[in-house]
Amino acid sequence: MTDDDTTARRPASRAEAAALASAVRLRIIRLTAKRALTNKEIAGRLGKDPATTLYHVRKLVAAGFLVAQPSRTGARGSKEIPYLGTRLSWRLTDKADYADEIGQAALAAYLEEVTDAGIAELRQTRMILQLDEAGLTEFARRVTALLEDFMNRPPAPDSHDVGVYVAWYPSR
């Protein structure tokens with residue numbers, strides 16, 4: 001992580017943190033990270049009712065996590081509005097007031113995505129590290145830098161979306 005990456009981050013506002021405290025909204029952010037999708041397309045991918053996803057899409061637009069793209073004509077001549085993620089969630093740091101809610105939403109979104117993909121598709125590992133505070137700080141910095149490096153790479157023509165969920169916790 002460069003100093004520029006660190007200074008580009010800022011604390012989340014109350015509205016931003018509240019918008020992140022939903023597994024459905026976190027999944028919508030992920031789905032629209034690289035390509036704009038209409039509300040109907042989002043609903044189809046999530047297996048949800050379009051009215052339900054529209055509620056969440058509007059919350060994400062209001063909080064700055066999605067931006068509407070130019071409207072287009074749908075298959076039956078209807079007006080469709082695609083939405084694209086802004087990557088705002090990655091640039092926010094302090095979500096302390098909503099840490100429990102956001103953490104639960106992130107875990108729920110991960111579990112829903114793994115369920116959709118199938119457990120056989122999950123590549124996972126577990127381990128115990130022995131770290132002091134300096135080591136834990138370095139670990140967190142290096143994991144973040146690695147994720148940022150891969151996130152900022154331009155996609156190759158044959159690339160595939162890969163969801164990543166990283167967590168660490170005290171081992172008791």
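Three strands form an open sheet in the order β1-β5-β2, with antiparallel pairing, where two strands count as paired if DSSP finds at least two bridges between them. The edge strands, each pairing on one side only, are β1 (37-38) and β2 (66-68). Strand β2 is joined to β5 (residues 82-85) by 3 bridges, the two running antiparallel, and V67 stands opposite L84 in β5.

The model is a predicted one, in which local features need pLDDT of at least 70 and side-chain atom pairs count only at pLDDT 80 or more, while totals for chains, interfaces and linings use all residues. Residues are numbered from 1 along each chain as its sequence is written, and side-chain values use heavy atoms, with hydrogens and water left out.

The secondary structure of the protein chain comes to 7 helices and 5 strands, these being DSSP runs numbered from the N terminus (helices H or I, at least four residues; strands E, at least two). From the N terminus on, the elements run α-α-α-β-α-α-β-β-β-β-α-α. The C-alpha trace spans about 60 × 40 × 35 Å along its principal axes.

Of the 172 residues of the protein chain, 27% count as buried (under 20% relative accessible area, with exposed over 50% and partly exposed in between, for a 1.4 Å probe and protein chains only). The largest nonpolar core has 25 residues, and those with the most contacts inside it are L20, I28 and F65; such a core is a set of buried Ala, Val, Leu, Ile, Met, Phe, Trp, Tyr and Cys residues joined through side-chain atoms within 4.5 Å. The elements that give two or more residues to this core are α2 (14-20), α3 (23-31), α4, α5 (50-63) and α6 (99-117), and α3 gives the most, with 6 residues. Leaving aside its neighbours within four places in sequence, I28 is in contact (heavy atoms within 4.5 Å) with I42, L46, T53, H56, V57, L60 and L66.

| Class | Residues in the lining |
|---|---|
| Nonpolar | 3 residues |
| Polar | 4 residues |

Among the residues that line the second largest pocket are T38, N39, K40, R76 and Y83, and the elements that give two or more residues to its lining are α4 (39-46) and β4 (79-80).

Key. On a 1 Å grid over the protein atoms alone, a cavity is a set of points where a 1.4 Å probe fits but cannot get out, and a pocket is an open set with protein on both sides within 12 Å along at least five of seven lines; lining residues have an atom within 4 Å of a point. Ala, Val, Leu, Ile, Met, Phe, Trp, Tyr, Cys and Pro count as nonpolar, Asp, Glu, Lys and Arg as charged, and the others, Gly among them, as polar.
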